[in-house]
Amino acid sequence: MVSQSIKLGGSASHISVGRVAHGLMKLTAVSDEQAFESIKAGVDALPTGTKMFLNSGEFYDRTWGVGNLQLLSRFFEKYPDYAEKTFLSVKGAMKSNGKGSIMPDASAENLRASVDNCQKVLGPIKKIDLYQPARIDPKVPFETVMSNLIALRDEGKFGHIGLSECKGSTLRKAYAASRVEVSAWEYGQEQKDLIAAATELDVSVLAYSPLGNGLLTGTINSSADLQAGDFRSMLDRFKEDNIKANLAIIEGLKAIVENRKPAITVGQLCIAWVASLGPTMIPLPGSSKATRTLENLEAGDVELTNEEIKAVEKVVADHPVAGERYFGGAANEHLHLWG
């Protein structure tokens, strides 16, 4: 069992969730049995009355399809009592670009179609608690997007509005929950500006990939450690030269936890550090195994000392990250980061 919880901000300020959330993207690639065990382990570990924050997406499978939502539909059909024990965030409002990938489409028509499709696939047992366009659509005025989202919320399509990959200035316009990458290797000025805005507005920040897609756990030492077909082999920071350079960050973090009492893992240090960055921060690691889900959740009970926080900051400052986010260079342009 874990003990810590946190209240969401904004319109969901009456809802308490686990101090660490659960990203579900990886579950699409495993069996229902393993996926269900991973979800249940997290929910069952929380204090009574606390919901597990789950994050899914309309395009969370290898073909940009609804496989993740279909999995959740099967989960809630088998375990209907867990519907009230979870707070479900769903990303959507993306469309095929005709080139094997997807792009943002926050037009009124596509927002409605996306929301309706997500709920249809999810089924009647679990309602979408929070819906968020996966990216800020540069083709549609942001004020128009928010107006349309509010209209859909007021129709009862979902409970709350969120954003993903948005700047602090965009969040100030929206006053909605936000989801953005934050970790010991992704903590730059954009993250700091967003966290400052969220703190001022009392808005939750779901900090995804706090473990750097697994590299910050200290279990990956070279590209040879990745299995064939692992999507991370396509990421810039997982190129062999960049992995070798980034191992200095891992070694620095390992030194911080080496003789710590009570003992924690490097991954738990990273999650606890992200949680310490602001009063509305909710780390959002992904996991497909029950044991990993529990390890991640237990990081929410870790209280770092000021000296430990400063030590992590020194590691981050002393070892600039090798490689760019995602694929790097021009390949990142279609990802529409920081809208």
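Predicted model: local features only at pLDDT ≥ 70, side-chain atom pairs only at ≥ 80, totals over all residues.
Local features need pLDDT of at least 70, side-chain atom pairs count only at pLDDT 80 or more, and totals for chains, interfaces and linings use all residues. Residues are numbered from 1 along each chain as its sequence is written, and side-chain values use heavy atoms, without hydrogens and water.

**Strand S9**

Helices (H or I, at least four residues) and strands (E, at least two) are DSSP runs, numbered from the N terminus. Buried means under 20% relative accessible area, exposed over 50%, and partly exposed in between (1.4 Å probe, protein chains only). In strand S9 (residues 160-164), 5 of the 5 residues are buried, so the strand is largely enclosed by the rest of the structure. One side holds His 160, Gly 162 and Ser 164. The other holds Ile 161 and Leu 163.

Strands pair if DSSP finds at least two bridges between them. S9 runs parallel to strand S8 (residues 130-133), with 2 bridges. Tyr 131 has Ile 161 as its bridge partner. S9 also pairs with strand S10 (residues 177-181), in the parallel sense, over 3 bridges. There, Gly 162 stands opposite Ala 177.

**Aromatic pairs**

Rings of Phe, Tyr and Trp (its six-membered ring) pair if their centres lie within 6.5 Å; planes under 30 degrees apart are stacked, over 60 edge-to-face, the rest tilted. The count is 11 aromatic pairs.

Phe 36 is buried at 6%. Tyr 79 is partly exposed at 22%.
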